[in-house]
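Subject: Structure for your reading, with notes

Dear colleague,

Please find below the structure that I promised to pass on to you. My notes follow it, and I would ask you to read them with the model open beside you.

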Amino acid sequence: MSKLGELLVQAKLISKEQLQEAISVQNEHGGRLGYTLIKLGYCKEDEITQFLSQQYGVPAINLNAFQIEGDIIKLIPADVAQKYQVLPISRQGATLTLAMTDPSNVFAMDDIKFMTGYNIEPVVTSEIALRDSINKYYGSTTALELKKVMDDIETEEVEDAGLEVIEEAEDLDINTLESSSEEAPVVKLVNIVLTDAVRKGASDIHIEPYEKEFRVRYRIDGILHEQMTPPMRMRDAIISRVKIMSKLDISEKRLPQDGRIKLKMNLDGRRKELDYRVSVLPTLFGEKIVMRLLDSDKLMLDMTKLGFERESLDKFTRAINRPWGMVLVTGPTGSGKTNTLYSAIQQLNKPTTNIMTAEDPVEFNMAGINQVQMKEQIGLNFAAALRSFLRQDPNIILVGEIRDFETAEIAIKASLTGHLVLSTLHTNDAPSTINRLMNMGIEPFLVATSVHLICAQRLVRRVCKDCKAPVSLPAKALLDIGFTEEESANATIYEGNGCPTCNQTGCKGRVGLYEVMEMSDALRELVLTGANAVELREQSIEEGMISLRRSGLMKIMEGVTNIEEVVKETVL
């Protein structure tokens, strides 16, 4: 049952029967519970807003009374505002005020804090007002400029300044777009982009239109590199070609679209099957396309090669081989969490085991594993999938991400009723994951008994094997980043000089840094007494936990990575 619904029932704003009816309407038609209750006439919009304001101790605001500056809106992209149903309102110093319909959504606030670099101050607003404001500010890329021009016209400030039209917007019909996208040069260029990205080991392809430039970039080992700038006249044809291959609507240029391309290609004399996840987003000068390469050959399923230290891998293997309990993998987006979890379930995948996964999206198809794709628009979210899984006689459940109290609660109950639950969370390190679960509303005794292991991870670039060479650094510099005196005196530090193998970057490939916190009796006692992340960290290190920074330092001494990468991704 929804947390908001339960709170409204307790506050006697709605009855249990009304809540049940609203939940069935929500399951049938989708949408959020608050909006459904308002639509059914069981609650008023301002009643829910005021209730949430009192419940979470945050101010309530009327968004319709605000005129938000364009610079503030630009701090959060449209897709993020839509995904989390939030809107930036103002900025003061290092604090960004964020209008939300659900001020308990810690995940959304943390994600936006990571993305913007600002501390987040939530305020609560009504769902309908927020949706209207998102449409107002993000619905059209020129909404703010248009309003300014209209204001100028009304005040008669617009004068003929001898302006000249630089370029008229072409009104291309679908047939023209289709025929131009099938022309030989366009087809050839798109094919080159798709195959070249695979050859260079890219994880993403960015096709980006700007006012006077059209560029293609590849993300290789986590860093974006510009590859080519096709002529501007080919922009529409190239974008349409990719959209046709992804089975998307080429006539729709105002809304974001998501699709998939599956290809078979001959690559260096070898037949290869590739999968691209395609995202199309309307920008100021045309549609930007990002394609994520899902190459099953690159999926590293051998846990011994991921980068785990021996003792960390032993702890992780011990935890995933338990018959019940919860194992959590944490870290920011793009830190390799999915790869670690896939490696774990591949190791557990036996004919005698029923493994079920709820993913958003399903990145790789794995034989013998029941994978379910989330569809938020029809009500199939992680919580709904988890409930169904429990009726499917599972041994092991993988939940793509614990985003809210409801999912966390069901996952913990599943782990306590004889199932092994694997999942991910967005936290900075292993100890702070405990506090995150409790902040979501999970009781300390449930966290202490259900969680068996937490693994925090980051990805750092490997020093290129073909051009690496030792460099000399002062001992103080090594001491400052965490080396002991003995290590700083004896360590050999390597850097890549740059060569054709690594495209002159000095780095080739990536390796994981891992911080594995196994829940001991002492740690469980600390959780039950309400210890903070610092106390949990101290106890874990005392028990032999290798921190993320320490994992990085060990890889520097082994000549696997360099100081810059470790300092960038970890803290002391």
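Leaving aside neighbours within four places in sequence, Thr-433 is in contact with Leu-328, Thr-330, Leu-425, Thr-427 and Ile-454. Please bear in mind throughout that this is a predicted model. Thr-433 belongs to helix H17, which covers residues 431-439. This threonine counts as buried because its relative accessible area is 0%, and the cut-off for buried is under 20%. Its side chain makes two polar links that you can trace. Thr-433 meets the side chain of Thr-427 in a polar contact of 2.9 Å, and the side chain of Thr-433 also reaches the backbone oxygen of Asp-429 at 3.1 Å.

A second residue to look at is His-206, which sits in strand E4. With a relative accessible area of 9%, His-206 is buried. Which side chain does the side chain of His-206 touch in a polar contact? The partner is Lys-288, at 3.1 Å. Beyond its neighbours within four places in sequence, His-206 is in contact with several residues, among them Arg-215, Arg-217, Leu-224 and Lys-288.

Salt bridges

How many salt bridges does a search of the whole structure find? The search gives 26. I describe some of them here.

The side chains of Lys-555 and Glu-309 form a salt bridge, with 2.6 Å from N to O. This pair links distant parts of the chain, as the two residues are 246 residues apart. Lys-555 lies in helix H23 (residues 548-557), while Glu-309 lies in the loop between strand E9 (286-294) and helix H13 (310-320). Are these two residues buried or exposed? Lys-555 has 3% relative accessibility and therefore counts as buried. Glu-309 is buried too, with a relative accessible area of 6%.

Asp-314 and Arg-310 meet in another salt bridge, at 3.2 Å from N to O. Both are in helix H13, and because they are four residues apart, about one helical turn separates them. Asp-314 is partly exposed at 33% relative accessibility, whereas Arg-310 is exposed at 52%.

A further salt bridge joins the side chains of Glu-406 and Arg-387, at 2.3 Å from N to O. Glu-406 is in helix H16 and Arg-387 is in helix H15 (residues 382-389), so this pair ties together parts that are 19 residues apart in sequence. Arg-387 counts as partly exposed, with 33% relative accessibility.

Salt bridges that share partners also join Glu-208, Arg-215, Arg-217, Glu-226 and Lys-288 into one network.

Helix H16

Helix H16, which holds Glu-406, has 12 residues, numbered 405-416. From its first C-alpha to its last, the helix reaches 16 Å, close to the 16 Å expected at 1.5 Å a residue. Its buried residues are Phe-405, Thr-407, Ala-408, Ile-410, Ala-411, Ile-412, Ala-414 and Ser-415. Just after this helix, Gly-418 takes a positive phi of about 95°.

Backbone details in the loops

Gln-85 counts as buried because its relative accessibility is 12%, while Lys-247 counts as exposed at 74%.

Where is the cis peptide bond between Asp-360 and Pro-361 placed? Pro-361 is in the loop between strand E11 (355-359) and strand E12 (370-373). The omega of this bond is about 0°.

A nonpolar surface patch

Finally, Tyr-210, Leu-284 and Phe-285 form a nonpolar patch on the surface, and together they have about 260 Å² of accessible area. Tyr-210 is placed in the loop between strand E4 (202-209) and strand E5 (214-220). With 33% relative accessibility, Tyr-210 counts as partly exposed.

Yours sincerely,
A colleague

Terms used:
Residues numbered from 1 in each chain as written. Predicted model: local features only at pLDDT ≥ 70, side-chain atom pairs only at ≥ 80, totals over all residues. Heavy atoms only, no water. Patch = residues over 30% accessible without salt bridge, like charges linked within 9 Å, V, L, I, M, F, W, Y side chains within 5 Å. Areas by Shrake-Rupley, 256 points an atom, 1.4 Å probe, with all protein chains shown as cover. Salt bridge = Lys/Arg side-chain N within 4 Å of Asp/Glu carboxyl O. Buried < 20%, exposed > 50% of the residue type's maximum accessible area, 1.4 Å probe, protein only. Expected span 1.5 Å × (residues − 1). Polar contact = N/O pair within 3.5 Å; in protein donor to acceptor, adjacent residues only side chain to side chain. Contact = heavy atoms within 4.5 Å.
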